[in-house]
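Visitor: I've got a model open and I'd like to learn how to read it. Could you walk me through it, feature by feature?

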Amino acid sequence: MAHSAPGKHHRKGLSLVKLTQMFPTDEAAREWFESVRWANGPYCPHCGSTNVQAGIKHRSMTHRCRDCPKRRMFSLKTGTAMEGSKLGYRVWAIAIYLLATNLKGVSSMKLHRDLDICQKSAWYLAHRLREGWKNDSRAMFSGPVEVDETFVGGKRKNMSNAKRKELKGRGAVGKVAVAGVKDRKTKDGLNGLIYAIHKS
């Protein structure tokens, strides 16, 4: 049945089962975030120095920079969307997955139920992630791209006479132009999401 349906019946990506296996504990999620952000070892987010002291005795900060004038303290969350949040790394990892893979977006009420956190925290978390993705200064595409467009709107024959008289012209008049752009190189990753540009 799936093979005869339109489109691909299977897409590459991380399933929810694999996600829970990948992040069984908060410590596993922290190690993953650390491997992504600090692949070459921890560095100071304020000055970029790698001369840092790890394992300091502080309630929320884990590192201290030896080169900053005031020997500033920081953690893995400093300078990220997670900064200042008391939520665990596992909650953030699952939230990122849910927001990145859901086709129609995720409400704060659904996140509150799925992540077992209060609705206010869920709203704050989602808002931070969306703002972070919006302000991402990295290039949107890294390789050759595929572009296609279409016009979305009702057929003229299905419109009322009054609506038909309002339309001046033929073809795409009164319809919305939608352009889809996909990076060929990274189509299976987050950069492979189709960016739709709506223009009336």
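Predicted model: local features only at pLDDT ≥ 70, side-chain atom pairs only at ≥ 80, totals over all residues.

Visitor: What holds strands of a sheet together in general?

Guide: Strands of a sheet pair through backbone hydrogen bonds, and the pairing is either parallel or antiparallel. For E2 and E3 here, it's antiparallel.

Visitor: Which strands make up the open sheet, and in what order?

Guide: Three strands form it, in the order E1-E2-E3, with antiparallel pairing. Strand E1 (52-54) and strand E3 (73-74) are the edges, each pairing on one side only.

Visitor: Let me zoom out for a second. How many helices and strands does the chain have?

Guide: Six helices and six strands. Reading from the N terminus, the elements go α-α-β-β-β-α-α-α-β-α-β-β. The chain has 200 residues, and 23% of them count as buried. Its accessible surface is about 14,700 Å², with 54% of that belonging to carbon and sulfur atoms.

Visitor: And what share of the contacts joins residues at least 24 apart?

Guide: Take the contacts between residues at least 6 apart in sequence: 46% of those join residues at least 24 apart.

Visitor: Now helices. Which residues of helix H4 are buried?

Guide: First the general idea: an α-helix has 3.6 residues a turn, so residues three or four places apart point the same way. In H4 (residues 108-115), the buried ones are Ser108, Leu111 and Leu115. They lie on the same side of H4 because they cover an arc of only 55° around the axis.

Visitor: What do the buried residues of H4 pack against?

Guide: Two other helices: H3 (89-101) and H5 (119-134).

Visitor: On to charges. How many salt bridges turn up in the whole structure?

Guide: Three. The thing to check is whether a side-chain nitrogen of Lys or Arg comes within 4 Å of a carboxyl oxygen of Asp or Glu. Glu27 and Arg30 pass, with their closest N and O atoms 2.5 Å apart.

Visitor: Where do Glu27 and Arg30 sit relative to each other?

Guide: Both are in helix H2 (residues 26-37); they're three residues apart, so about one helical turn separates them. Arg30 also forms a salt bridge with Glu34, where the closest N and O atoms are 2.7 Å apart. That pair lies in H2 too, four residues apart, again about one turn of the helix.

Visitor: How exposed are Glu27, Arg30 and Glu34?

Guide: Partly exposed is the label for each: Glu27 has a relative accessible area of 42%, Arg30 has 22%, and Glu34 has 28%.

Visitor: Which residue pairs with Lys110?

Guide: Asp114, with the closest N and O atoms 2.9 Å apart. Both lie in helix H4, four residues apart, about one turn of the helix. Lys110 is partly exposed at 34% relative accessible area, and Asp114 is partly exposed at 39%.

Visitor: Which residues do shared partners join into one network?

Guide: Glu27, Arg30 and Glu34. You can trace it through Arg30, which bridges to Glu27 and to Glu34.

Note on methods. Residues numbered from 1 in each chain as written. Heavy atoms only, no water. Buried < 20%, exposed > 50% of the residue type's maximum accessible area, 1.4 Å probe, protein only. Contact = heavy atoms within 4.5 Å. Areas by Shrake-Rupley, 256 points an atom, 1.4 Å probe, with all protein chains shown as cover. Pairing = 2+ DSSP bridges. Arc of directions from axis to C-beta.
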